[in-house]
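Hello,

Here is the structure I promised to pass on. Please open it first, then read my notes below.

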Amino acid sequence: MSIIGWIVLGLLAGVIAKILLPGRDPGGVIGTTLIGVVGAFLGGWLSARFLDRPITTDFYDGATWLSAIGGSLVLLIAYRILFGHSRQR
């Protein structure tokens with residue numbers, strides 16, 4: 001999968017992670033989108049490294065999507081823990 005494919009996958013994974021974990025994010029839409037893209041890369045790397053499940057080049061592979069969404073969820077939770085209380089409303 002090309003870098004553009006990973007970016008699109010990350011954008012969609014970020015949206016899905018945001019739907020699964022609703023609430024206010026300190027970074028807004030752009031922050032959540034960037035978390036989705038980085039989470040897709042992180043999920044793919046963790047899947048290949050520790051689960052011995054290399055990511056295929058197929059965009060429609062279920063394991064690729066699950067690892068991208070999982071990585072996005074992990075980063076979104078970490079982001080909320082680290083920066084969630086930085087501004088009071």
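Helices (H or I, at least four residues) and strands (E, at least two) are DSSP runs, numbered from the N terminus. By that rule, the chain has three helices and zero strands. The order from the N terminus is α-α-α.

This is a predicted model: local features need pLDDT of at least 70, side-chain atom pairs count only at pLDDT 80 or more, and totals for chains, interfaces and linings use all residues. Residues are numbered from 1 along each chain as its sequence is written, and side-chain values use heavy atoms, with hydrogens and water left out.

First, the inside. Buried residues (under 20% relative accessible area, with exposed over 50% and partly exposed in between; 1.4 Å probe, protein chains only) make up 31% of the 89 residues in the chain. A nonpolar core is a set of buried Ala, Val, Leu, Ile, Met, Phe, Trp, Tyr and Cys residues joined through side-chain atoms within 4.5 Å. The largest one has seven residues: Trp6, Leu9, Ala13, Ala40, Trp65, Ala68 and Ile69. Helix 1 (3–20) and helix 3 (62–83) each give two or more residues to this core.

Now helix 3. It has 22 residues and reaches 31 Å from first C-alpha to last. That is close to the expected 32 Å, where the expected span is 1.5 Å times one less than the number of residues. Its buried residues include Thr64, Gly71, Leu76 and Arg80.

Last, Ile4. This residue lies in helix 1. Is Ile4 buried or exposed? Ile4 is exposed, because its relative accessible area is 56%.

Best wishes
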